[in-house]
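Subject: Structure handover and notes

Dear colleague,

I am passing on the structure we spoke about, and my notes on it follow below. Please read them with the model open beside you.

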Amino acid sequence: MSNALLLIAYFGVLLAMTKPVGLFMARVFSGERTVLHPVVAPVERGIYRLTGVDETKEMRWTTYAVAMLLFNLAGFLVVYLLQRLQRGLPLNPRELSGIEPRSAFNTAVSFVTNTNWQGYYPEITMGYLTQMSGLTVQNFVSAATGIAVAIALVRGFARRSSREIGNFWVDLTRATLYVLLPLSIVMAVFLVARGVPQNLNDYTAAVGLGGETVLIPQGPVASQEAPKMIGTNGGGFFNANSAHPYENPTPLTNFVQMVAIFLIPAGLTYTFGRMVGNTKQGWAIFAAMSALFFVGVAVTTVAEQSGNPLLTDAGASQETTVNGESTPGGNMESKETRFGIAASSLFAVITTAASCGAVNAMHDSFTPLGGMVPLANIGLGEVIFGGVGAGLYGILVYSVLAIFIAGLMVGRTPEYLGKKIEPYDVKMAMLVTLVLPLSILGFTGVAMATDEALASRWNPAAHGLSEILYAFTSATGNNGSAFAGISANTPFFNPTLGMAMLIGRFLMIVPILALAGNLAHKQRATVTAGTFPTTGPLWIGLLVGVILIVGALTYFPAYTLGPVVEHFQMRNGITFSLE
Amino acid sequence: MDTERNTITSGAVATGGSPGGSIREVGLGPDSQGLPPAGQRPSSGDSGKKAPKRNLFDPGIVRPALAESLRKTNPRHLWHNPVMLIVEIGAVITTVALATNIAGDGEEQIWFVAAIAAWLWFTVLFANFAEAMAEGRGKAQAEALRRTRTETLAQVMIGGDRARIERRASADLRAGDLVLVEANDTIPSDGEVVEGVAYVSEAAITGESAPVLKEPGTDIASSVTGGTQVVSDWLVVRITAEPGRTFLDRMIALVEGASRQKTPNEIALNILLAGLTIVFLIVVVTLSPLAEYAGSPASITVLVALLVTLIPTTIGGLLSAIGIAGMDRLVQRNVLATSGRAVEAAGDIDVLLLDKTGTITYGARMAAEFIPAAGVSEAELTAAALRSSLADETPEGKSIVLLAERMGQRADRAYLEGAELVPFTAETRMSGIRRDGRATMKGAIDAVGRIVGTIPADIQEASNRVAAAGGTPLAVIEDNRPLGVIYLKDTVKPGMRERFDELRAMGIRTIMITGDNPLTATTIAAEAGVDDFVAEAKPEDKIRIIREQQAEGRLVAMTGDGTNDAPALAQSDVGVAMNTGTAAAKEAGNMVDLDSDPTKLIEIVAIGKQLLMTRGALTTFSIANDVAKYFAIIPAMFAGAYATDRDDASALDALNVMDLTSPESAILSAIIFNALIIVALIPIALRGVAYRPMSAAALLRRNLLVYGVGGIVAPFVGIKAIDVILTGIGMA
Amino acid sequence: MLAQIRTAVLMIVVLTVLTGIAYPLAITGVAQVLFPDQADGSLIERDGVVIGSELIGQGFVDRTDEDGPTYGRTLAGYFRGRPSAAFVEDGILVSSGSNYGPTNRVLIDRVAADVAVVRQENGLAAAIEIPIDLVTASASGLDPHISPASAAIQIARVARERGVDEARVRELVNDHTEGRTLGFLGEPRVHVLNLNLALDEEAPMPAAGAAGG
């Protein structure tokens, strides 16, 4: 019952915030005045003056793409150098040493691509300056990059007979200043109030009641935690991420974090509708996302609450009432008591539906089906609200494909939002679509045939396959969550995962910008009764169907050898050991 | 030669619907269900239920198509079709695997590998067969046309001098040559009459047996087509087409598919299919190490089988057949499109620009009533009207005479002798006759008004009444005395309103263009049920309207025949020129209707839509099929995954939802289903999916249900059935 | 292109100063002024010594026990926390979950071993069931809570070991039990560290020492 209540409350809050947030963003990116202008506009102008940006000058898609790539390259270098050089830099009370090149490469790529996969233990690896000025900065700007690209694509649909799709520097700056920063400030202060540390102190030596002395890590956690969620980044200040009580101390902070993940992605659906001049179009996307979301939540929650029969055999009860007292029940391995099954399952679905990747429970220990949903969420391209920006542009590409396949069936050249879908558009959409299977299945195939990669498994048999599959799915999808038992900080995984992240980010963004440029140039056809309607339930069902079918066709065989077969093994009472 | 020509005639004209025919025929009525090869088609009267089937799989086309399917297995031919190329490569691979197995190096059962290899080859052949069938149907028609393109010796007038005639093969004629054609000559090439008057039979092209009058300087009537025949008198024709580029040449090339280029939509769909193929290639190739890891390695035969069932072979195999057949359906309706692109554009049309006269109405306005002025008897008016029209050869004039005779007046031809005829001019807008100092005239009310000063109230009232009823009032005056009004009635063709309602349901707006005054236009528009009209339109208004509509993002179609229609035809997205039209009009448009039936536009739109729908439906079906194929093959493939000692049953048994007998029969059933479905869908590919005018939402719902949901369900049933049969005959 | 490179470099510098220095320092300042206790990690001191953080769980088991895959035996007189996969490296407490998959033999064996330990330590009758959370590792390894059901089966033992009334221990357990926030957020839970601190305060172990300094 509380499971359902949680979902209803969560969705209610999300629904209520979609329009105001989306409307605000639409105004910001259309250059209209907002309530924040009196405070932020002077800062914005200052930034343009310092960096020499002419905010009135718009860009063609190629210029936009080059600017985006250069900025990300510069960001990569900053994060890489901060890691390599941190030993000699200030704010490193533990005197943590510089990070070795492969890991530094992996982490820099990871944060620049909005993946925030962590192959390291932050508590014993990252100094405060690296966390603040390297990772936190990317929590803002990689998210801002995603938003900028999504807005550029929306402009492609909204404009007609135009060569330009906006100015990257302006979109980047506005996304940071008007959207990400204000939300992060509010959330960071809230998190501190609820117990998240925010200091520059050395780690605290504590003598536990058991008598052993440990150093409890400290740091500027809240200021990194807030953009980590709002920008769907997900890179934890600590190893356990949002399961760590310092990152996510209470069920309420957990609720706020979950809302923060979907806040901008959901809002962007409204921004989209508003910018293309028909908010129903945005709500249709919202509805399709919601439908997929509910399916995922239902499967994972039921799977996790039903638990693991093998644990029952081992003598533990997975009921919610044991000996007349309350307990979360279900599969509680690697979940926190304060969150229980419901909030852990919901969080897992949200964080993978979006490209967040923060976790408040360890997906590796989920039941096979419960863990397959996060895997599939990412594998589908994180289009269920998705990453900030990335979710919207991802689902718009699916929309183009859905329109193209099924739209022909109404007897017209398919068109979406009045834009005819022609060979160039299909080509770009297919390029984007190819990225996921190519990188995910390609790298997984290589890894499964490499002994060194297999040695990184933490779990045996089908679950070991799932770990590797999840790693490349997460990296390509720029999610960053993991079946975290895998030892990814290795000579095999650091470069391959780094490549997967780069492929998954930029090989998608560039064709999407090309698509935006091509769409912007087109005339917008008038809507008639003969036009494929992209607002009603039929369209929503079609879009959901295409996403599911494309996903199912791509991953069915691989998933069969991973979570699916493991599910039946678990039911049949079969266990495995690493040889 | 004559008999041959007649043969063509029956073939070419047979399916042309009568102008008033219903749009519902498209793709539904028996008429549209098969292409009639020359002489094979039953006359339109007895299109019984058996006819379509016989037409579709006519042995005359099927037999060469079978041979052609073998020839098309040449990889160079399959290069343009990546999906089928992959299938063929797969067939080669499994054949090699079979050889290895027979040589004793393989571990699989030989019968299984052999069966897979065989069915993969069948898959390629079936797809080739579909394409060959579609091409064969076109070729049959082209062959018939080609027979009319006789190599005649033309009489070329050197320097335009009739005395200096040089005989030259028609193929050697250049544009600009002047050619003399006499009775019983075949006109050697497309051209324009510059001298002479003659009747020409265009039966070879249009199937219309009644000869047409050709004379110079009359726009429409001065254009002649190569291959048509002069039946009387002579003509001097200036050749307008370069050799090999005549109308007939283009027609043959189009029908044959020789000049067939992939349309944008086809290219886009091909990209999608290639992309999907790559996805599945990745899926299957990367699956091998995963299967190895799971301790259930997959043989190359099984991997190939999986790949072939997954890639969109159904649509991949039928795609070019669909395109050819779509073009073919147009030809069956006696419409020639200059490109496949134009056919697709027809499906996208948002606005139809229709001339009122001849399209919406019969055009010829008929006298329906004589309304006498006050103090004038009906007989007096009738007699005067008759006199004024005695020399009037226009249909209106003739109808006045007819009506007057029916009302008891006698047409006295003798009255014409010694009479002065007053012809109609654009200035006076009156015509009539003057004899013995008596001037009997008829004309537009305002023109009459100019002569008589003020129009009497009752005449004005009568004329308003006529106009309000959609008619055209003509005033009759004798010696400047207004006698009354002739009510010329313009009749809307039956069934137009229903057609426009259908178009509206399809999201297409109809705009009627008419030179009539707004009052008349309003009435006709209301009666016909068009969405909008432009009254008192001048020829240049058409192009303005088209540009306006296009600026708002609409695609516009129109028909035209005159030279002054040419700019508008060129500007429109789909411009259908009437075959009776001028060379300029035919050049400007991107389609020519051999029947010269303006309402054909509506059918053309339906054909365009049907073409796109067929592609979409079969693509959807093809992709949806994969779900069941996975459920057939994957559990079979991984039966031994992660086997442990205590593991007696495969953990994946639960996925074998179809309860297929054995892994081998499961995989084989999927492959066989995959091959047979191509054959099963050839009729749909060639005929097009059923199309009824309705809103896009309704169409989508219907087609998604049939081809989407149906595409998911059908293979479950089909594969299970094949498995049962295989088990029954002991192959599993 | 050169201009773009210049802009890119300047832009990352400016945004780093803004979001990577100004923003976190400003938040730190605000946090230290408004919520100094939380900002410094909600630390708990006893007798002038930091014994931990209110948010960070402690295991209350003897982890040196090497007989089998079990998490360990409970320290006498204390409520046992959840098994933990957190570890200490260079003295630093590193958070971690177990990451064992559901069909991993190691997981099943560990749960079975812990079930046996809990049953034996608490002398549970066969009819008493072991709640799942008490024998499964938390996600962070630092989970400060156990479920009320997991506390309940330990009450008798703690009371016996501390030589106090079961009812009093039960009362303390109830005092340190939190319900769901707003009725649907989170799970009912018992704060193990606070409960054990309260026990030390109110009913010190008969043989002092186990509680440490």
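Before the details, some conventions. This is a predicted model, in which local features need pLDDT of at least 70 and side-chain atom pairs count only at pLDDT 80 or more, whereas totals for chains, interfaces and linings use all residues. Residues are numbered from 1 along each chain as its sequence is written, chains are lettered from A and ligands numbered from 1 in the order in which they are written, and side-chain values use heavy atoms, with hydrogens and water left out.

Chains and contacts

Where a contact means heavy atoms within 4.5 Å, two pairs of chains touch, and the pair with the most contacts is A and C. Chains B and C do not touch, their nearest C-alpha atoms being 12 Å apart.

Chain B has 24 helices and 21 strands, where helices (H or I, at least four residues) and strands (E, at least two) are DSSP runs numbered from the N terminus. Of its 732 residues, 58% count as buried, with buried meaning under 20% relative accessible area, exposed over 50% and partly exposed in between (1.4 Å probe, protein chains only). Among the contacts in chain B with a separation of 6 or more, 70% come from residues 24 or more positions apart. Chain B exposes about 28000 Å², of which carbon and sulfur atoms supply 57%; accessible areas come from the Shrake-Rupley method with a 1.4 Å probe, and for residues only the protein chains shown count as cover.

Charged side chains

In chain A, A:Arg338 forms a salt bridge with A:Glu336, with the closest N and O atoms 2.6 Å apart; A:Arg338 is buried at 0% relative accessibility, and A:Glu336 is buried at 0% as well.

In chain C, the side chains of C:Arg162 and C:Asp200 meet in a salt bridge at 2.7 Å, N to O. This pair links distant parts of the chain, with C:Arg162 in helix H4 (residues 148-162) and C:Asp200 in helix H6 (residues 192-202), 38 residues apart, and both residues are buried. The charged end of C:Arg162 also sits over the ring of C:Tyr78, 4.9 Å from its centre, the rule being that NZ of Lys or CZ of Arg is within 6 Å of the ring centre and within 35 degrees of the ring normal. In chain A, A:Lys335 lies over the face of A:Phe366, at 4.1 Å from the ring centre.

In chain B, B:Glu478 and B:Arg438 meet in a salt bridge at 3.7 Å, N to O. B:Glu478 belongs to strand E15 (residues 472-478) and B:Arg438 to strand E14, 40 residues apart; B:Glu478 is buried at 12%, while B:Arg438 is partly exposed at 29%.

Positive phi

Most residues other than glycine have a negative phi. B:Asp436, however, has a positive phi near 55°; it is found in the loop between strand E13 (430-435) and strand E14 (438-443) of chain B and is exposed at 69% relative accessibility. A:Ser334 has a positive phi of about 60° and lies in the loop between strand E5 (325-326) and helix H11 (340-353) of chain A, where A:Ser334 is buried with a relative accessible area of 0%.

Aromatic rings

Rings of Phe, Tyr and Trp (its six-membered ring) pair if their centres lie within 6.5 Å, with planes under 30 degrees apart counted as stacked, over 60 as edge-to-face and the rest as tilted; the count comes to 42 aromatic pairs over all chains. The rings of A:Tyr270 and A:Trp283 have centres 5.8 Å apart and planes at 65°, so this pair is edge-to-face. A:Tyr270 lies in helix H8 (residues 251-275) and A:Trp283 in helix H9 (residues 279-306) of chain A, 13 residues apart. A:Tyr270 is buried at 8%, whereas A:Trp283 is partly exposed at 29%. Both belong to one aromatic cluster, whose members include A:Phe286, A:Phe385 and C:Phe184.

With best regards

Technical notes:
A salt bridge is a side-chain nitrogen of Lys or Arg within 4 Å of a carboxyl oxygen of Asp or Glu.
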